[in-house]
Amino acid sequence: MNEWKLIGTLTDKCILGTDGLSTKEPRRTSRAILINDEGQYAVMYAKKFNLHSLPGGGIENGEDEFSALVREVSEETGCVCDSVEPLGIVAENRYHADFTSLSYYFVVHTKTKQAVLHLTDAEIENGTILKWCSFDELYSLIKDIEHETNQRKFLQARDLLALNEYNQNL
């Protein structure tokens, strides 16, 4: 899994229409387009922010992208990663927040039927739940809302880039 395709780069210019680039060291994350045996897709919903997003999170010290993926999928969805294929990277550069990130996206299939979530206190506080839906529903849940904060605009755009890449390969 050494060869990663760059799916796209998000900057303040393309999201906010403003100039500038951050020079911060990137935060690295692993994220999943997670599909179960019924052909349903996992989506996380944070009620506090009215935000739907793909499962995933930060790569911890000493972890590689794959190990972080397996851990994050288990924590957020309770699912086991039965098959995993790398999809690509979405790079973010948010000058307005002096923040950069590299999100490693994977296509993951799971046979898990009953899932026990292991959410963080913050995720619980935010009213985070796991939903399963069709691809079209997943895409609409993420796309069809106009977010007010810059943070959520970037999160939305990041997941949409990955979903578009995935959809082109179906």
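**Group meeting: a walk through the predicted model**

The protein chain has five helices and eight strands. Keep in mind that this is a predicted model. From the N terminus, the elements run β-α-β-β-β-β-α-β-β-α-β-α-α. The radius of gyration is 15 Å, and the globule rule gives 15 Å for 170 residues, so the chain is as compact as a globular protein of that length. The C-alpha trace spans about 45 × 35 × 35 Å along its principal axes. As for burial, 48% of the 170 residues count as buried.

Now to strand 7. It covers residues 99-110. Nine of its 12 residues are buried, so strand 7 is largely enclosed by the rest of the structure.

Which strands pair with strand 7? Take strand 2 to begin with, residues 27-36. Strand 2 and strand 7 run parallel, joined by 10 bridges. Look for A32 there: its bridge partner in strand 7 is F106. Next, strand 6, residues 83-94. Strand 6 and strand 7 are antiparallel, with 11 bridges between them. Here E92 has S101 of strand 7 as its bridge partner. Strand 6 and strand 7 also form a hairpin, with four residues between the strands. In that hairpin, D98 takes a positive phi near 45 degrees.

Hold on to E92, please. We meet it again among the salt bridges.

How many salt bridges does the whole structure have? The search finds 11. One of them joins E92 to R158, with the closest N and O atoms 3.6 Å apart. This pair links distant parts of the chain. E92 sits in strand 6, while R158 belongs to helix 5, residues 150-168. The two are 66 residues apart.

Are E92 and R158 buried or exposed? Both are buried. For R158 the relative accessibility is 5%. Buried means under 20%, so R158 qualifies.

R158 has another salt bridge, this one to D159. There the closest N and O atoms lie 3.7 Å apart. D159 is buried too, with a relative accessible area of 0%.

Elsewhere, salt bridges that share partners make one network of E60, E63, R71, E72 and E75. Within it, E72 pairs with R71. Their closest N and O atoms are 3.0 Å apart. Both E72 and R71 are buried.

How much space lies in the largest pocket? About 710 Å³. It is lined by 33 residues. Which of them come closest to its centre? Those are R31, G56, E76, E123 and L155.

Let me recap, with the model on screen. Strand 7 is the one to find: it pairs with strand 2 in parallel and with strand 6 in the antiparallel sense. From strand 6, follow E92 across to R158 in helix 5. Then go on from R158 to D159 by the next salt bridge. After that, turn to the R71 and E72 network. Finish at the largest pocket, with R31 and E123 among the residues closest to its centre.

How values were computed: Residues numbered from 1 in each chain as written. Predicted model: local features only at pLDDT ≥ 70, side-chain atom pairs only at ≥ 80, totals over all residues. Heavy atoms only, no water. 1 Å grid on protein atoms, 1.4 Å probe; cavity = no way out; pocket = protein on both sides within 12 Å on 5 of 7 lines; lining within 4 Å. Points joined across faces, edges and corners; volume = space filled by probe spheres on them. Buried < 20%, exposed > 50% of the residue type's maximum accessible area, 1.4 Å probe, protein only. Pairing = 2+ DSSP bridges. Salt bridge = Lys/Arg side-chain N within 4 Å of Asp/Glu carboxyl O. Rg over C-alpha atoms; globule rule 2.2 N^0.38 Å.
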